[in-house]
Structures are given as C-alpha cells and as structure tokens.
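Reader: I would like to go through this structure and ask what stands behind each label. Please set the values against the definitions.

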Amino acid sequence: ISYVPAAEVGKDVSRLVRMSSHRLVALSQHPYEVTKIGAGPPPRRVPEGWLLLHDGVSGELPHSSSFEPTQGLVYSAGAMILSADDPGTVVARTSEPLMHPDTPDERVGTVSNVVFPTCTEETSAGTFVFYGMADARIGVARSDDGMRWTRLNGGAPILVPARDPHGLPNDYGAGQPSATFVDGLFYLIYTDTTGIGSNPGNGAG
C-alpha cells in the first residue's frame, strides 16, 4: 500500500503517480494462493474495516520468458479485511477461496482455470462483482455480505468476445471488466482483443 495526501492531489493530480510511505500488506499464506497473490477491485468499507477481494494463484509458474498465455495455474478469488484505522494491516483473510474456477467457461479458455475479479459495484439489490472467466469471457456474481457470492446468468458469461471477422488475429478474448451503476443501469467497460476497433499494434480493445 502507498499513500499521497488528498490535498496535494487536489492541487496537482499528477501526484497520484508519485506516492510514498510504501508498505507490504500481504504475501501468500493459504494453499489456494500458494504461488502468488494480487489485489483485485478497490477495497470497500464494511463494518469490520476494508474488504479487499484478491486473486490467489496456485500451481507452478513456467520458467519460459515467452509471452504466450500461461497454462497450468489456477486463479481463484479470496478476500482480506484490512484495518479501518490502518489499511496496511490485515485483520482477517479467507483460508479458502470465495470463488474457484468451477464452470466450463471458467475452466477452459485463453488461460484455463481463471476466476479474476476486477470490479465491484454496490446497489440496493446487493453488491455485484464482475470478473474474468478463463481470460476469455466476463461473468458476474452477486453478494449480500461481500463474502458469499452467487454466480448470475446461470454461471454463463454475460459477455463473450466479438470475434469480428475483420478484426486482427489476436484471439485473447474479452476481460478486464469495470462497471458503474447509474440511474438503474450498469455501464460496463471492458477489453475485447477480437473486435474490429482493436489496436492495430497488439489487438487490445
């Protein structure tokens, strides 16, 4: 975790890329995250502190430096509670994943066995998490308490790659969802490397 005074950001937004007081928050601790961990969506304030979803990876990392999609790892979603007074301190964390790649769309894809949460959005109907499925599709789940998640749409993706026939030969897929909820509607922003409007250099949408 790193910090920058909000007053300084108000005067100069570029201070957001010049943070200080860096601290290590957490390392791998449980079997589902034994290989590595990574932060997910921004933390949410809950009565116990700050709820941080994170990805936990198990399996053996390849020794190759190739940019080819990595197979053989399992990406699951876990959670930590950070102290309300000191977000650099972990108060509690899940010993088992909240979500694990269980459905066919999460087990088979560009990078198989991936559940990768990147966005949460709170509404009067509950909290929704948008996540990558096998680095190829986008799914959504709902929770009332932030700790127990139910897949929506029958566990099927809510968005799949466009596969535009005039697009570039980059078949990575759809992912990296971010969403906001305004006036009763969800607005979803995402990457699709297979769309006709993708970048000519690397296919990123």
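Author: Leaving aside neighbours within four places in sequence, Met99 is in contact with Ser76, Ala77, Val115, Tyr131, Ala141, Trp149 and Arg151. The model is predicted, so local features need pLDDT of at least 70 and side-chain atom pairs count only at pLDDT 80 or more, while totals for chains, interfaces and linings use all residues. Residues are numbered from 1 along each chain as its sequence is written, and side-chain values use heavy atoms, with hydrogens and water left out.

Reader: What makes these residues contacts of Met99?

Author: Contact means heavy atoms within 4.5 Å. Ser76, Ala77, Val115, Tyr131, Ala141, Trp149 and Arg151 are in contact with Met99 in that sense.

Reader: Why is the group around Met99 called a nonpolar core?

Author: A nonpolar core is a set of buried Ala, Val, Leu, Ile, Met, Phe, Trp, Tyr and Cys residues joined through side-chain atoms within 4.5 Å. Buried means under 20% relative accessible area, exposed over 50%, and partly exposed in between, with a 1.4 Å probe and protein chains only. The largest such core has 13 residues, of which Met99, Tyr131, Ala141 and Trp149 touch the most other members. The elements giving two or more residues to this core are β3 (49–58), β4 (74–82) and β7 (126–133). In soluble globular proteins, nonpolar side chains tend to be buried together.

Reader: How do you know that β3 is a strand, and what makes it mostly covered?

Author: Strands are DSSP runs of E with at least two residues, and helices are runs of H or I with at least four, numbered from the N terminus. As for cover, 9 of the 10 residues of β3 are buried.

Reader: Which strands pair with β3, and what makes them pairs?

Author: Two strands pair if DSSP finds at least two bridges between them. β1 (36–39) is joined to β3 by 4 bridges, β2 (44–46) by 3, and β4 by 9. These counts meet the cut-off of at least two, therefore each is a pair. Each of the three runs antiparallel to β3. Among the bridge partners are Ala39 with His54, Val46 with Gly49, and Val57 with Tyr75. β2 and β3 form a hairpin with 2 residues between them.

Reader: Why is the second largest pocket called a pocket, and what is its lining like by class?

Author: On a 1 Å grid over the protein atoms alone, a pocket is an open set of points with protein on both sides within 12 Å along at least five of seven lines, and lining residues have an atom within 4 Å of a point. The second largest pocket has a volume of about 200 Å³, a volume being the space filled by probe spheres set on the points. Its lining includes Val25, Ile37, Ala39, His54 and Met80. β1 gives the most to the lining, with 3 residues. By class there are 9 nonpolar, 2 polar and no charged residues. Here Ala, Val, Leu, Ile, Met, Phe, Trp, Tyr, Cys and Pro count as nonpolar, Asp, Glu, Lys and Arg as charged, and the others, Gly among them, as polar.

Reader: Why are β6 and β9 called edge strands?

Author: An open sheet of 4 strands has the order β6-β7-β8-β9, with antiparallel pairing. β6 (115–123) and β9 (150–151) each have a single partner strand, so one side of each is left without a neighbour in the sheet. Inside that order, β7 and β8 (137–143) pair over 7 bridges, with Phe128 opposite Arg142.

Reader: How do you know whether Gly126, Ala134 and Gln176 are buried or exposed?

Author: Gly126, in β7, has a relative accessible area of 11%, under the 20% cut-off, so Gly126 is buried. Ala134, in the loop between β7 and β8, has 0%, so Ala134 is buried as well. Gln176, in β10, has 59%, over 50%, and therefore counts as exposed.

Reader: What makes the phi of Ala134 and Gln176 worth a remark?

Author: Most residues other than glycine have a negative phi. Ala134 has a positive phi of about 55 degrees although it is not a glycine, and Gln176 also has a positive phi of about 55 degrees.

Conventions: 1 Å grid on protein atoms, 1.4 Å probe; cavity = no way out; pocket = protein on both sides within 12 Å on 5 of 7 lines; lining within 4 Å.
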